[in-house]
Amino acid sequence: MKITRRIGRFLVNRPHLINWGIGAAIVALPVVVWMDLMAITDQSLRRQGQALDAVIDTVRGYYARNVVAKLNPDGTTVATHDYHDRAGAIPIPATMAIELGDLIGTHGLNVQYRFVSDYPFRGREATPLTWAEEHALARYREGAEEHYLFYRGEESSFLTHAVTMVTPVVMEEACVACHNSHPDSPKTDWAVGDIRGVQSYSIVQPVAVSLFSFSHLLAYMVVAGGFGAFFALHQLRLAQRFRKMSEELASNNEFLAGISLKISRYLSPQVYRSIFSGEKDASISTERKKLTVFFSDIKDFTQTAETLQPEELTALLNEYFTEMSAIAAKHGATIDKFIGDAIVAFFGDPETLGTAEDARACVRMALEMQERLGQLEREWRARGIDRPFRARIGINTGYCNVGNFGSEERMDYTIIGAEANLAARLEAAAEPGGIVMSHETYAHVRDFVAATPMPAMQFKGISRDVHPYAIAPGQAGNLPPTETSVDGKSLTVHLERLDAATRAELEAILNKA
């Protein structure tokens, strides 16, 4: 087993050897077949030579005993079928053929010869004809022109192959004169060309003899089969190993997918995608970027929490975060964290559309959040909550440090800097349901929002005077139906902000265009 494993590893590490082996096997196959064909031909010629030698010896011996020894130098020599009973008589050709066939059969050769006829001389025992001999004799007398007819031999079996060849015995002029005048002839009206009988040659060949003639091919098949069996076993072992690895991999993937899904709940979608796509490394590193920072919290959250049971407060707060998170995801915000009832988010990292578009997206998000909170306030009051959540929002655009902060064991993807703190300070200056933004943010959105300038303010950690702009509570829904981009090259029409008649008219114009 260890040896097969070592060979398996050797082949796995050198797959080109398998290709070379297959190529060598393809090239060797015709060579092996040719060598076996040569061996079969050689063995066939040897057997034919041995059979011919035995036949010639039989003929020579028969001729010496029954012809030469029978000649009578002092009298007349006659040819007759009963030459054994006459002094100085020799056998006629038919008798000689019959007796030679019997002698050849006694040698135990794989060749048998028979001279048979359905008209035997009187006094001679009739020889039964085989089916092949009867069929051939009938065909020749019907005028068949083939000089050789081949039949499957009667000795044929699963382990033995036999072929019988039958040829006609045609009456010639000398044969006609002899048979028509002989007193023992069963037929005296023979004519030249008549079919007297047939000669049959039966050749028997054991299958095993031919099988063993394919020694080279058998050796090739043994080697190739052994290699194939080893390769199949190796492939089966690899398949089992791969299947086990695949099952383990599927299980691990399922586990990792579950873990990944759980981790994604703790990260912003953009951060999650950037980490798992390889754009961001899980290492301590920061960048300085111009971001638009969003900060919101719930006004009088502590007092509201005191009027609710913990279970109700938890459900209400989770509903609030769920609704706000959906709006944030819609506008492409990166949610930094939830701090108690506060939400910290920013635009510009890890994905950005540019400083102006990031600021505009952030303000749109804030407006939609306040609008949705107005709807939720009515729903919550209908459910018996007398002090529903009202949020204050602060937005600022400026340079911050963004990236992974913490230790090698525990990191947090967040932002730091005075501009991030300013968003929190602006949020504190907002009224419940209102939005306060810095001047730089307002500069990017003044074409589509109506904000009121506030008195200049100073905040701890900010050296300059801050000139904020406020969107009063309840004004979030009073948005213009169109927005022009900063560069003036595009116009956005918000169909949901149009009245029904204007929207229908605009849709008709667009459809017509």
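1. A disulfide is taken here as a pair of cysteine sulfur atoms within 2.5 Å. By this rule, the predicted model contains zero disulfides.

2. The largest nonpolar core comprises 41 residues, among which F294, Y320, M365, F389 and I395 touch the most other members. At least two residues of this core come from each of β7, α10 (310-331), β9, α11, β10 (391-406), β12 (435-437), α13 (439-445) and β14 (469-471). The largest share, ten residues, is supplied by α11.

3. Apart from neighbours within four places in sequence, Y320 is in contact with S296, I298, D341, I343, L373, W380, F389 and A391. One of these partners, F389, is also listed with Y320 among the core residues that touch the most other members.

4. The peptide bond between D349 and P350 is cis, with omega at about -5 degrees. P350 is situated in the loop that runs between β9 (342-347) and α11 (355-382).

5. The other backbone feature concerns D300, whose phi is positive, at about 55 degrees, although the residue is not a glycine. D300 belongs to the loop between β7 (285-298) and α9 (301-306). Because its relative accessibility is 31%, D300 counts as partly exposed.

Terms used
Residues are numbered from 1 along each chain as its sequence is written. This is a predicted model: local features need pLDDT of at least 70, side-chain atom pairs count only at pLDDT 80 or more; totals for chains, interfaces and linings use all residues. Side-chain values use heavy atoms; hydrogens and water are left out. Helices (H or I, at least four residues) and strands (E, at least two) are DSSP runs, numbered from the N terminus. Buried means under 20% relative accessible area, exposed over 50%, partly exposed in between (1.4 Å probe, protein chains only). A nonpolar core is a set of buried Ala, Val, Leu, Ile, Met, Phe, Trp, Tyr and Cys residues joined through side-chain atoms within 4.5 Å. Contact means heavy atoms within 4.5 Å.
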